[in-house]
Amino acid sequence: MTPFKNRITHLFGIDYPIIQAGMIWASGWKLASAVSNAGGLGIIGSGSMYPDVLKEHIGKCKEATSHPFAVNVPLLYPDIDKHIRTIIEEGVKIVFTSAGNPKTWTRVLKEEGILVVHVVSSSKFARKAEEAGCDAIVAEGFEAGGHNGREETTTMVLVPAVVNAVKVPVIAAGGIATGRQMLAAMVMGAEGVQMGSRFVASEEASSHIAFKNTVLNAQEGDTVLTMKQLTPVRLIRNSFYEQVRQVEEKGAGIEALKILLGRSRAKKGMFEGNLDEGELEIGQVSSLLDRILPAGEIVKKVWQEFTGGLQNPIRIL
Ligand SMILES: Cc1cc2nc3c(=O)[nH]c(=O)nc-3n(C[C@H](O)[C@H](O)[C@H](O)COP(=O)(O)O)c2cc1C
């Protein structure tokens, strides 16, 4: 497979503009290094890690790959200054920030020579991220798994809007799992794609096998964006979601939701495989997934579909 040249592959020093999303309880060093070794960009998801765990994952990732990799930092993380210190001390070169104000940490990271990419769900926040000095923007549509924008803007609408709003390269995310979907995103002006759900269904994802199998079995309509009062999140409808729905239907406020959510719902569902009581974050695209593959094979398959699509993009009679 011939390496591809555009602003994203150039910026990160990778062969293909395929980025494996940072994901709590799924993307540790094994997944990130497998994707980076295959020529994409692997991301360690630090949102579910204590600072010492993050340090260990960065160390193992450096041993497992000589290719570039990144760390995702949700900006609402309580011990964020410790994560930032670890990232700087360990010599991480690329950081993807999300869920918060990019103003706070972008300058600090950039002063250390680190590339910063911020995830947004609107063109307004894309402009703010560019003003804050970000090197690229992830435009993440409403289809995406995990935390998501309140406005419910789909990838199809968000990507061209963000491309129009900023000059830095845009990476499309949300509902992308195949090479043809990647091609569609690139036709709309994206210069790379970030895929989360597709990589949950990989051998190297640290997610529990029961969760991975639930993802493979998911049908259209099985995920929902919920807890919009608190922090909107797309997850699979299960009995935990039913409890959330009932609490919301009674008109209970944020505090009631916080109590129901507790501290370890996400870990319980996605890492420990408690399919009833846990929070099962996944995107709409789960309905297209039918097998667990090695992450490197996913990169290869998506890229081959993408290049095949480039040669024969549309059906003509
Ligand atoms: C299981 C799971 C966990 C996620 N955790 C995070 C996270 O910790 N930080 C973050 O910025 N985004 C997180 N996301 C969102 C992804 O980074 C990514 O943008 C999204 O999955 C893209 O949409 P897709 O699932 O349709 O591919 C998560 C997504 C999933 C499915």
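Tutor: Let us begin with a pair of helices: helix α2 (residues 29-37) and helix α3 (residues 51-64) pack at an angle of about 30°, with their axes 9 Å apart. Helices (H or I, at least four residues) and strands (E, at least two) are DSSP runs, numbered from the N terminus. This is a predicted model, in which local features need pLDDT of at least 70 and side-chain atom pairs count only at pLDDT 80 or more, while totals for chains, interfaces and linings use all residues. Residues are numbered from 1 along each chain as its sequence is written, and side-chain values use heavy atoms, with hydrogens and water left out.

Student: Why are α2 and α3 called roughly parallel?

Tutor: Axes are lines fitted to C-alpha atoms, for helices over the stretch in contact, and angles run from 0 to 180 degrees between N-to-C directions. Angles under 35 degrees count as roughly parallel, over 145 as roughly antiparallel, 65 to 115 as roughly perpendicular and the rest as oblique. The angle for α2 and α3 is about 30°, so the two are roughly parallel to each other. Their contact (heavy atoms within 4.5 Å) is made by W29, A32, S33 and N37 of α2 together with H57, K60, C61 and A64 of α3.

Student: Which hand does the crossing of α2 and α3 have?

Tutor: The crossing of α2 and α3 is right-handed; a crossing is left-handed if the near helix is turned anticlockwise from the far one by less than a right angle, and right-handed if clockwise.

Student: Why is C61 called buried?

Tutor: Buried means under 20% relative accessible area, exposed over 50%, and partly exposed in between (1.4 Å probe, protein chains only). C61 has a relative accessible area of 0%, so it is buried, and C134, at 4% relative accessibility, counts as buried because that value too is under 20%.

Student: How many disulfides does a search of the whole structure find?

Tutor: The search finds zero disulfides, where a disulfide is a pair of cysteine sulfur atoms within 2.5 Å.

Student: Why is D79 called partly exposed?

Tutor: D79 has a relative accessible area of 30%, which lies between 20% and 50%, so D79 is partly exposed. D79 sits in the loop between β3 (69-74) and α4, and its C-alpha atom is separated by 8.3 Å from that of Y50, 29 residues apart along the chain.

Student: What makes S207 a buried residue?

Tutor: The relative accessibility of S207 is 7%, so S207 counts as buried. S207 lies in the loop between α9 and α10 and, not counting residues up to four places away in sequence, touches W25, A26, V200, K212 and M270.

Student: Which residues of helix α10 are buried?

Tutor: In helix α10 (residues 209-217), the buried residues are F211, K212, T214, V215 and L216, and what covers them includes α9 (197-200), β11 (233-236) and α13 (265-271).

Student: Which residues touch the most other members of the largest nonpolar core?

Tutor: A nonpolar core is a set of buried Ala, Val, Leu, Ile, Met, Phe, Trp, Tyr and Cys residues joined through side-chain atoms within 4.5 Å. The largest has 75 residues, of which I18, I44, I87, M182 and F199 touch the most other members. Helix α14 (residues 295-311) gives this core its largest share, six residues. A second, separate core of 16 residues includes F12, I14, V119 and V138.
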